[in-house]
Each structure stands twice: as structure tokens, then as C-alpha cells.
Amino acid sequence: MILLLLILIPLLTGLLTFLSKNAAKNIALVSSFITLALAAYVSANIGGANVQAWSCQWIPAIGAQLSVAADGMAAMLCLLTGIIFPVVLLINRNKEIENQASYYALILLSQAGLMGVFLAADALLFYFFWELALIPVYFLCSRWGGERRIAVTFKFFVYTFVGSLMMLAGLIYLSMQNTGANSMSIASIITVGKSLPGVQQQIIFWLLFIAFAIKMPIFPFHTWQPDAYEQAPTQVTIILSALMVKMGLYAVLRWLIPVLPYATAYWANTVMTLAIIGIVYASLIAMVQSNIKRLIAYSSIAHMGLMCAAAFAGNDLSHHGLLVQMFNHGINITGMWVIVNMVESRYGTLDLKKMGGLATTAPAIAIALVVIAFANIALPLTNGFVGEFMLFSGIFQGASQYHVIFMVIAGLGVILGAIYTLNMVQSVAYGENNSGAAIVSKMSGAEYAAIAIIIALIIVLGIFPQPLLDLVLL
Amino acid sequence: MKAIIAATIFGVIMMYAGFAVKEKKSIVAIATILLLLLLGVNIWEYKTVVPNAPSLFNFQLRVDSFTIWFELLMTACSLLYVLLIGKDIAKVGKHVGEYFALIFFILVGTYLLASFNNMLIMFIGIELISIPQYILAGSDKRNLKSSEASLKYFLMGAFSTGILLMGITLIYGATGTFNISNFNFLQTEHINPLVLTGLLFLIISFSFKVSAAPMHFWTPDVYDGSPTPFTAFMATVGKAAAFIAFLRLFHTSFGAISGSWMMVLAIITAATLLIGNITAIFQQSVKRMLAYSSIAQAGFMLFAVVSVNAIAWQGIVVYSVAYTIATLGMFAVLLKLKDYTFDGFNGLAKKDPLLAGVTTVFIFSLAGIPLTAGFMAKYYMLQALVMQGKLMGLVIFALLMAAVSAYYYFKVIIAMYFKQGEAELNPDYTTSDRVLLVVTAILVILLGIVPQLLLPAAV
């Protein structure tokens, strides 16, 4: 029942927020902290008697149940969702947002959708939440985004909608193979999927994988992503890049690899090749970006490519590294966007050439930027290092005959990553202040709080990652 | 049977109500009360249905719980229609009583089409839903477009009825019976060419009635030209009636030889989806867009006929009702606005957030977004076709087309929420309209969560 609360609290407070006027900001913040506390409780007690799966009949005729369950991976992602949303709501506290009741309500609804995706143990319910997470984000980006927001968000919407319909066809096909009760439950889907003959597995594999690849996004399905990240309001970009892309990875780990083991093994090399092309391709493009949001967007494609490659490497080490890295990437990229948001609100620009001098004008922000940038390029003693180290060892020991090549090329991505990230740090933090902004205000209390959460997690998990490993391996 | 008699009597009452009662509002009220009574009769009939009852009139009509359930739902949809749009029906012209009489006669036709067991009864049913629709299309007599719509619909419709009769005749010639459950061509390996020709004629004629490509061309002009309140009825209950007949005829009588016609119908389905969705993209008027979208939705409903299995029957019920409710809602919203183009929706969210909110729910349902009835409807249809298993390509194609449909449906949402403008509302938009629209929207969401409410307990 407590798992249900993780979905219901953001859902109900979200609906409540629609009706509120000026209190929206605070209702949302309080709600997000309550959800965080619950998520922390769930993560601490996972496997215990208090955190049990819950289910009831929904549409018996098509074998669907309302059923939620959590294992270590789901709990970890719920915890990540729980941590990110307060951070999202802490930044921009002072900014005037038009029609803020709807804005914050939609943010909370997207949280409900995300929690649902991570907890759903029934294919139809999973599909419901998959879409429920998308719709609020569609409205958020189209209403409060940048200049080209409508066209860009629509492209994003159509991409993911096509993907989810493909997934729906695949899931229906899988559920139809079981004529018994509860044919939509994950247990049934896995049993049925495993026993499918090869050709069917391969067809279903692509139906599902395209949906997940669009969400992650994996080259060549990534073209919606840089535009969407750039045009979305930064708070929504955080939700998109830290959490919604994890929906794709999570879906691969939960609804694809265990369900279709034969097709996964058969297509692993193809998928890994796509993912690794994506790493190099995105890194190269990131190097020439002058818009800071686009730069981080491309760097995110590179990171997701690495994680996707690890998911298909097919051994335990890469799998565990992936789980750890999913959490860490969420934290780090959120940190990057928080900094971008602060820089944007102070300098009034996203153009790297017009920034500079942050180290002298606002040293605290500059220090935070450096720490987060180090975590982003996975320097030792930051959280990024642990995960990425495991990922690379995993890919290196992978089952594929090309494992060395994959590992080497992916490693190239890390070097490129260091180049563009440090370049960015340099042009933002050092040199002359080119922005024309005379006064650069210090961080507000709320911003301090947001940054403190991020940096504390970066350093603690960098030095002592064991609790995270313990959680995800449950 | 009781409902057929009751609906006929109520239709006659409505005809005379036009003489006796001058006040338009009272006529609408009488129609609402009669529809409520009719719904009561439906429920009574449903409660007292005898399982495995002998068919009526020497196997002319089949009365089982599914049939009566479908009739009940169609009456409920008509009631919703009169509640949502009744006020606007009264504004179309002088002869309000007659409009409602025609609607009752269409319902009689719908009942016959849901329960026929004989092709002649089916023919009477088809005529009973068609002729009143020709009249309704032309009911705005001063309007040239309305007259054009009526004439066009009548000429084309009469032609397609002729083809239908020809098909029936050929099938009769081959089988020697009109009784659809008695055809005895089933045993033979070699199907009589007369049957095949007859089947082709039947498919052509029914494609016309359900506005499937390539017989869809009348739909946009007729839907656009007809008075909007009647377009709403033609596009919903009228279409559902034609579909249940299509399904009943092809499953009951030709299901066993489905191999001979399935491919033809699959191609028609794909063409309908393609033409309906692609053409809808280019429309400037929301009313015309809804006409094309009704073609596109017919493509999805054809899945039921193509699949030939038990889920198809559930699917057609869920789809008919889900599509009817959302479309009625959209037309009710349209009638509240002065300008039917997409630009007419600009800035509606600011002007009237509630109206924009319910419109969003209806649009989501038409586009098939989860948590709405429209999604569950599409789900049942996809499930039926996946279960049939021979046409996976059509499934994928339909899904791509569903994604295309999101494009034109979302244009309404973009206009309402993200564009600046002054959407103009009609002045007679009252609180009761709001309440009804909100109730309809809640119904759409409720059916999106528990679609089994739409299915009879037995199925």
C-alpha cells in the first residue's frame, strides 16, 4: 500500500495544486518532500514486510491488474525521482511564472507518472503511466518553453507517441499469447516472452526497443532531444534529462531484456554499435556547441549511449554498474542544469561566448560548477567514477566478440567528454565577464539548498558508494 | 422487440407534438422524457431477456442479451446527444418536433440493425437509418450548403442502396434464403461466384454506409454542409448502427468463408486509415476535420469486421460508445463557439479554462491517449486484430496512422492553450451546459479506466 502512496501523493497534490492560486509553489514543494521521505523509507525497507507489492483486479477480460511492486532497481529510481523533484522546485523560487498553479500542478503530475512507470508490475498499467508522464511534460514545454517551443515539443511528442504505440502493439501481442488470467502481469509477460520462437521474439524486440530507444534517446532516434532540452524551461529539462530518459533504460532492463532473452542476445551487437556511434557522434557535436543547454543535451546523449551499451553487454558487472550509473547520472545532470539555470538567470544568456568570469563575480557558483563538472566526467572521488568504472569493465568483459573495440571507442567518448566539459567550465567560470550583466547576485537560500543536496550526494557516493550498490542489488 | 415498438410510437408522438406544442423548449423536453422512457424500456427488456430465446417472427429477428445491450447503449448515447445538443437542434429550423421524430426513427433502424437475422430486415434497417439522415442533412432549408449536402447524400445513398439490394439478390440466388444464419454454402470448397459477386456488392454498399475509403467521398461534404447538430448524430449513432449491421452480417453469415473477403476488407481498412488521417491534416475547419477524423475512426472500427472473433464484438461496442461520447462532446463544444476554424479556438484556455479542459479530454479520447475511453476502444480493436493474427502489418500501419491523427487533433490543443487570440463564445452558453460537458468528460475518463462498464455482464 505504501508503494501506491508514492504515486497517489504527487497525483492528488497535483490535482489540488490546479485549484490553488498563490500557494502552488509551496504546496508542490511540501508535497515533493513528503514523497522524498516516503521514497527514502521504501528504499531503506525494500524487501521488508512494510513494502509489499499490491494488486487488485482491474479489467479481467483483458488480463490487466492494478498492480505495483518494487525491487531494488525500482526503489532506487523512485528514490532518485524523490530527490530530483525537490531540487527542481527549489530553484527558480523567485522567478515569476505565469499561471503558476497549472505549472506546478503539471510538474507534480509528471512525478506521479514517473513513479508509476517505475512501480508498475502490469503491462497495461505501465503503458498508462508511460503516457501519463509524457502528457504533463508536453504541456509544460509547449506553454512555458522557449521561442520555438510549440514545434519542438510537438516533434518530441510525436516521436515518443509513435514509440509508445509500437510498444503497445508488442505488449498486446505478448499478452495475447497467454490465454489464462492476468495475462498482462509482468510475470506472465516474461514467461510468455521467453518461450516465443525466435522470429516472433525479434519482431517484438524491435517494437519494444524502438519505443525505449526514442525515450533514452539512442542514435539515430535522438533528434528530438537537443531541441526539446533547449526549448523546455530548465526545470522541465531536469525532469526530462534526469528522469524521463531513465524510463527508457529502466524499461529495457525490466520489460525487454528479461522478456526476450534470445532476441536480446541476437541483436546485442547491433544495439551496442548504435549506442557507441551515438557516444562518439554526440561528443563530437557537443564540442562545437556554443549554446550551453545544447552542449549538455548532447553530452547527455553520450552518457545514455554508454549506459545503453552496458545494458546489452550481458554480464553482471555492467548491469550493476548501469544501475549505479543511472542514479549518479540523474544527480550529476541535475547539478549541471541547476548551474545552467543560475547562470542563465544572472547572465541572461545561454551563449557560452557571452559568459565568463563567474569565478570572480560569483565564486560559490563557480566552485559548484567545477565539482559537478568533475563528477560529469567521472573523476575519481566523485560519484560518476564508480559507475563509469564498472560500466567500462563490464563492456570490456562483455559477451560480444567485439567487446574490446566497443570498449575502446566508448572510452574515446570519455576523453571527448572531458574536453568539452572542461571547455565549458573555462568559458563560463574563467576569463572576462562578457555578459554585460553588471551585478551578479549571490545564490539564494533555496539555490544553496538545491546545490548542497547535489554536491553532498556527489561526494558521499563518490567516496562511499556501498549503500547504493546494496540497494540496487537487492 | 418492446423497444422497437416503443421507439416507433414515440417517433409518431413526436410528429404530432410539433402540431400540439408550439414552444420549442417544451418539444425538446418531451423528446428528452421520451428518450428516458425508451431507455427504461431498454433496461426492462435487458432485465427480462430469456437466454436462448427463440428468434422472433420466424427467425427474422434475433433477440439476445448482447443485442439488447447494444440497443440500450445506443439509446443512452442518443439521450446524451439530446441533453448536450438538444438546445441547438431547436435552433436549426421551424419543425423541431419532426427532427426528433426522425431521430426516433433512426433509433428504430438502429435496433433493427442490431438484431436482424434476415437480410430483408437488414435492408429495412439500413433504409430506416438512411432516409431520416437525408432529411436531417437538408433540414436547414434556407442554407444552400445544407440542401447540397442533402441532395448529394440522397443521390449517393440511393445508389449504394441499389447496390446493397443487388448484393442481397445475388446471395439469395446462390443460397435460396434470406436468413443469415442458414446459408449453406459453407460446406463447399468452391464458393459459388454468385456469392462472391454478392459479397463484393455488399462490401461496397456497407463501405459507403460506414464511410470507408474509397466510398468515403460524400462524408466531408455532407458532414460539413449539414446543420452541425445533425452532423453530430450522423457521425455517431448513425455510424455505429451501420457498423453493427456490417459486423453482424459478415460474422454471422460470411465468417466461415472469411478467407475470401478478408484481404479486400483489410485493404479497404488500410485505405480508410490512410485517406482519413492524411486528408484531415490539411483541414482548416474543425468541423471538417472531425468529418475526416470520422473516416479515420471508421478505419479502426473496421478492425472489428476484419478480425472475425469474439473480441471484435466487445470492441465494436466499446469503440462505438467511446467514439460517440467524445465526438458528441466535441460537437457540443463546437456549437458553443462562433468560429469553427482552428483559429476560432485560439486562446480558449484563457477565456474559458473549463471549456478548454473538457475539449482536451475529448480530443485525448479521439486521439487514443490513455486514461480516456478512446484509448481503451483502440486497445480492444488492436487486441481483436492481434488475436486474429493474420494481419500484423495492418496493426503496425494503424498505429502509425494513430500517431498521424495525433497531429491534427493536437492542433486544437495547441490553438487553445499555446496561441494568443480571442475565442468567441456563443452567448447562450449556460451553467447547465457546463455541468453536462463536465459530466461527459468525467464519463470519458471513467470509461477509460473501467471500460468493462460498457460490456454486458454475460460477455
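## Helices α6 and α7 of chain B

In this predicted model, α6(B) passes α7(B) in a left-handed crossing. Helix α6 covers residues 144–175 of chain B and helix α7 covers residues 193–209 of chain B; the angle of packing is about 155°, and the axes lie 8 Å apart. Because angles over 145 degrees count as roughly antiparallel, α6(B) is roughly antiparallel to α7(B).

On the side of α6(B), the contact is made by B:M156, B:S160, B:I163, B:L164, B:M166, B:G167, B:L170, B:I171, B:G173 and B:A174. These residues meet a set in α7(B) consisting of B:L194, B:V195, B:T197, B:G198, B:F201, B:L202, B:I204, B:S205, B:F208 and B:K209. By class, the residues of this contact of α6(B) with α7(B) comprise 13 nonpolar, six polar and one charged.

## Overall form of chain B

Chain B contains 17 helices and zero strands. For its 459 residues, a compact globule would have a radius of gyration near 23 Å, and the value of 21 Å for chain B agrees with this. Taken along the principal axes, the C-alpha atoms of chain B fill a box of roughly 65 × 55 × 45 Å.

Of the 459 residues in chain B, 59% are buried. When contacts in chain B between residues at least 6 apart in sequence are considered, 80% join residues at least 24 apart.

## Residue B:K94

B:K94 lies in the loop between α3 (65–92) and α4 (96–115) of chain B. Is B:K94 buried or exposed? B:K94 has 10 other C-beta atoms within 10 Å; a residue counts as exposed if the number is 12 or fewer, and B:K94 is therefore exposed.

## Contact between the chains

The contact takes 22 residues from chain A and 21 residues from chain B. On the side of chain A that touches chain B, the elements giving two or more residues are α5 (123–144) and α6 (149–176) of chain A. The largest share of this side, eleven residues, is contributed by α6(A). Classified by residue type, the side of chain A that touches chain B has 19 nonpolar, one polar and two charged residues.

## Overall form of chain A

The secondary structure of chain A consists of 19 helices and two strands. The radius of gyration of chain A is 21 Å, close to the 23 Å that the globule rule gives for 474 residues, so chain A is as compact as a globular protein of that length. The C-alpha trace of chain A spans about 70 × 55 × 45 Å along its principal axes.

Buried residues account for 60% of the 474 residues of chain A. Among contacts in chain A with a separation of 6 or more, 81% are between residues 24 or more positions apart.

## Helix α16 of chain A and its partners

Helix α16 (residues 383–396) of chain A packs with helix α17 (residues 403–429) of chain A at an angle of about 150°, and their axes are 8 Å apart. That angle makes α16(A) roughly antiparallel to α17(A). In this pair, A:F392, A:I395 and A:F396 of α16(A) meet A:H403, A:F406, A:M407, A:A410 and A:G411 of α17(A). The contact of α16(A) with α17(A) has six nonpolar, two polar and no charged residues.

A further partner is helix α18 (residues 445–463) of chain A, whose axis comes within 6 Å of that of α16(A) and crosses it at roughly 50°. At this angle α16(A) is oblique to α18(A). Here A:N383, A:F385 and A:V386 in α16(A) meet A:L457, A:I458, A:L461 and A:G462 in α18(A). The class composition of the contact of α16(A) with α18(A) is five nonpolar, two polar and no charged residues.

## Residue A:G278

A:G278 belongs to helix α11 (residues 261–287) of chain A. Why is A:G278 classed as buried? Around A:G278 there are 27 other C-beta atoms within 10 Å, and a residue is buried if that number is 20 or more.

Not counting residues up to four places away in sequence, A:G278 touches A:I218, A:F219, A:H222, A:I301 and A:G305. A:G278 and A:F221 stand 57 residues apart in sequence, with 9.8 Å between their C-alpha atoms.

Technical notes:
Residues numbered from 1 in each chain as written. Chains lettered and ligands numbered in written order. Predicted model: local features only at pLDDT ≥ 70, side-chain atom pairs only at ≥ 80, totals over all residues. Axes fitted to C-alpha atoms, helices over the stretch in contact; angles between N-to-C directions. Helix = DSSP H or I, 4+ residues; strand = E, 2+ residues; numbered from the N terminus. Parallel < 35°, antiparallel > 145°, perpendicular 65-115°, else oblique. Left-handed = near helix turned anticlockwise from the far one by under 90°. Contact = placed C-beta atoms within 7 Å. Nonpolar A, V, L, I, M, F, W, Y, C, P; charged D, E, K, R; others polar. Rg over C-alpha atoms; globule rule 2.2 N^0.38 Å.
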